Amino acid sequence: QIERKIARGKLSDDEQAELWDALFLTVPQTEQLLAYIRTSGSKVRNNRKVFPWVYPMFAFIAYTGARRSEMLRSRIEDIDFETGEITIREKKKDRTIKETVRHVPMADQLREVLQEWFKVHPGGPNTFCKTPNEPLTEAMATHYLRWTLDGSRWEVLRGFHCLRHSFISNLASRGISERIIMSLAGHLNRETSRRYAHLIPSTVQDAVRLVFSASPAAARNS
């Protein structure tokens with residue numbers, strides 16, 4: 001859809017960048033992206049092995065809607081396989097307490113990814129790290145994202161926020177209540193959720209067709 005808009009109109013570089021910033025993926029597209037990352041992760045690129053923590057990083061955000069900073073703050077103790085829940089460490093919403101958190105159910109796909117990652121985890125408390133007690137920085141995470149996607153069909157993704165955006169939009173497209181979306185995404189107000197919750201075009205089209213498609217009875221009465 002974005003590519004068609006760019007092809008139709010003479011858009012400036014800034015206007016094109018704005019469109020790509022608003023990109024979100026459907027669930028099948030998200031799964032295709034993750035499949036690409038997982039496959040490329042098993043190969044050697046430019047005489048270097050793909051880093052084993054990259055695929056789990058992408059999957060973590062795709063299945064929890066976490067922000068990049070929240071993914072980087074994640075600790076192994078936050079992953080509870082027994083209850084099937086992940087604790088997300090947020091920026092402090094309440095200045096009277098040390099830390100605020102929210103809890104997100106663990107998708108089956110993410111459970112499998114994290115269990116495999118923890119088998120080769122280098123050690124230390126951080127969920128994602130290069131070596132024990134060496135957490136990844138935001139700059140490092142962005143570097144690995146670009147290193148993984150550049151040169152592929154997925155290089156149009158501007159950052160990890162696309163996966164968070166997609167998580168929220170896919171919840172909205174399935175009719176999940178605004179209250180639940182706010183809780184899962186860590187939004188403080190409805191306007192933020194509404195700004196991110198762009199319904200998938202086909203979902204909107206199906207809704208209009210459902211209401212206005214001509215039924216046999218309607219055709220007889222016309």
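The legends below describe a predicted model, one overall view followed by close-ups. Residues are numbered from 1 along each chain as its sequence is written, and side-chain values use heavy atoms, with hydrogens and water left out. Local features need pLDDT of at least 70 and side-chain atom pairs count only at pLDDT 80 or more, while totals for chains, interfaces and linings use all residues.

**Figure 1. The whole protein.** The protein has 12 helices and 7 strands; these are DSSP runs numbered from the N terminus, helices being H or I with at least four residues and strands E with at least two. Of its 222 residues, 40% count as buried, where buried means under 20% relative accessible area, exposed over 50%, and partly exposed in between (1.4 Å probe, protein chains only). Among contacts (heavy atoms within 4.5 Å) with a separation of 6 or more, 56% are between residues 24 or more positions apart.

**Figure 2. Strand S4 and its partners.** In S4, 5 of the 6 residues are buried, so the strand is largely enclosed by the rest of the structure. S4 pairs with strand S3 (residues 79-80) in the antiparallel sense over 2 bridges; two strands pair if DSSP finds at least two bridges between them. Aspartate 80 has glutamate 85 of S4 as its bridge partner. The hairpin of S3 and S4 has 4 residues between the strands, and glycine 84 takes a positive phi near 70° there. S4 also pairs with S5 in the antiparallel sense, over 6 bridges.

**Figure 3. Arginine 89.** Arginine 89 lies in strand S4 (residues 85-90) and stands opposite valine 101 in S5. Arginine 89 is buried, with a relative accessible area of 13%. Its side chain makes a polar contact with the side chain of aspartate 78 (2.7 Å). A polar contact is a pair of N or O atoms within 3.5 Å; within protein, one must be able to donate a hydrogen and the other to accept it, and residues adjacent in sequence count only if both atoms are side-chain atoms. Leaving aside residues up to four places away in sequence, arginine 89 touches several residues, including Glu70, Arg73 and Thr100.

Figure 4. Arginine 68 forms one with glutamate 138, with the closest N and O atoms 2.8 Å apart. Arginine 68 lies in helix H5 (residues 68-73) and glutamate 138 in helix H7 (residues 138-149), so the pair ties together parts that are 70 residues apart in sequence. Arginine 68 is partly exposed at 29% relative accessibility, and glutamate 138 is partly exposed at 38%. Arginine 102 forms a salt bridge with glutamate 70, the closest N and O atoms being 2.8 Å apart. Arginine 102 lies in strand S5 (residues 100-105) and glutamate 70 in helix H5, so this pair joins parts 32 residues apart in sequence. Both arginine 102 and glutamate 70 are buried.

**Figure 5. Two cysteines.** Cysteine 129 is buried at 1% relative accessible area, and cysteine 162 is buried at 2%. The structure holds 0 disulfides, a disulfide being a pair of cysteine sulfur atoms within 2.5 Å.

How values were computed:
Salt bridge = Lys/Arg side-chain N within 4 Å of Asp/Glu carboxyl O.
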